[in-house]
Amino acid sequence: MKKNYKIDDDFNINLGKVAPQAIELEEVVLGAIIIEREAINKVIDILTADVFYKEQNKKIFLAILDLYNDETKHIDLLTVVNQLKKRNDLESVGGPYYISTLTNRVASSANIEFHARIILQEYIKREMITMSAGVQIRSYKNETDPLEILETAQKNIDDVTKLVDVGKVPTSEGGISV
């Protein structure tokens, strides 16, 4: 998704709080994809690399996508490690050891789709925080046209809304948002 907003370096949007994220679920989802061949098919329409909070997990997911898009290759521990080497990302993600720890955390991909939707939900929250901060910053600047701010904000909300398959993103209470 192309972002049409920017946050000035002098504006602190996290206000001393940790951004919404689900790192443990990111790791479990990646581990499940690595150990079960069909797991990627359950989440391919839900996840993109951008939704991962942890940079290492983004890089691992990109390597997995490379393998997924090349129908002649399989996704497993060794092929993911090899793909990360090809991308020159293996050491920056923590090496083969980190990849192996991902697979140690899961027994199956039974709940992978639900976990992926929670990861997406946390990403949406991060995007909304960033967008609101952008609206605030631009609103305080006298040189910015209010209608332009409104138009940009609406486009950004529309972009995030496209990520949501209405009726399928779980709420924090475990229900379904509509």
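Trainee: Which residues is Q21 in contact with, leaving aside its neighbours within four places in sequence?

Mentor: Happy to start there. Contact means heavy atoms within 4.5 Å. With the neighbours within four places in sequence left aside, the contacts of Q21 are Y53, E122 and R126.

Trainee: How should I read the numbering and the values in this model?

Mentor: This is a predicted model, where local features need pLDDT of at least 70 and side-chain atom pairs count only at pLDDT 80 or more, while totals for chains, interfaces and linings use all residues. Side-chain values use heavy atoms, with hydrogens and water left out, and residues are numbered along each chain as its sequence is written, from 1.

Trainee: Where is Q21 found, and how far is it from R126, C-alpha to C-alpha?

Mentor: Q21 is found in the segment before α1. Helices (H or I, at least four residues) and strands (E, at least two) are DSSP runs, numbered from the N terminus. Along the sequence Q21 and R126 are 105 residues apart, yet in space their C-alpha atoms are separated by 8.0 Å.

Trainee: Is Q21 buried or exposed, or in between?

Mentor: Buried means under 20% relative accessible area, exposed over 50% and partly exposed in between, with a 1.4 Å probe and protein chains only. The relative accessible area of Q21 is 27%, so this residue is partly exposed.

Trainee: How many helices and strands does the chain have?

Mentor: Read along the sequence, the pattern is α-α-α-α-α-α-α. Of the contacts in the chain with a separation of 6 or more, 72% are accounted for by residues 24 or more positions apart. The count for the chain is zero strands and seven helices.

Trainee: Why is α1 largely enclosed by the rest of the structure?

Mentor: The cover over its buried residues includes α2 (39–43), α3 (55–69), α4 (77–86), α5 (95–104) and α6. Among the buried residues of α1 are L25, V28, L30 and I33. Helix α1 is largely enclosed because the buried residues number 10 of the 13.

Trainee: How do the axes of α1 and α5 cross?

Mentor: Axes are lines fitted to C-alpha atoms, for helices over the stretch in contact, and angles run from 0 to 180 degrees between N-to-C directions. The axes of α1 and α5 come within 7 Å and cross at roughly 90 degrees. Angles under 35 degrees count as roughly parallel, over 145 as roughly antiparallel, 65 to 115 as roughly perpendicular and the rest as oblique, so α1 is roughly perpendicular to α5.

Trainee: Which residues of α3 meet Y98, I99 and L102 in α5?

Mentor: The axes of α3 and α5 are 12 Å apart, and the two helices pack at an angle of about 85 degrees. These helices are therefore roughly perpendicular to each other. On the α3 side, the residues are Q56, N57 and I60.

Trainee: Which residues form the aromatic pair?

Mentor: Rings of Phe, Tyr and Trp (its six-membered ring) pair if their centres lie within 6.5 Å; planes under 30 degrees apart count as stacked, over 60 as edge-to-face and the rest as tilted. One aromatic pair is found in a search of the whole structure. Its rings are 5.0 Å apart centre to centre, with 35 degrees between the planes, and this tilted pair is formed by F52 and F61.

Trainee: Is R138 buried or exposed?

Mentor: R138 has its place in helix α6. Leaving aside neighbours within four places in sequence, R138 is in contact with T144, E148, I149 and T152. At a relative accessible area of 19%, R138 is buried.
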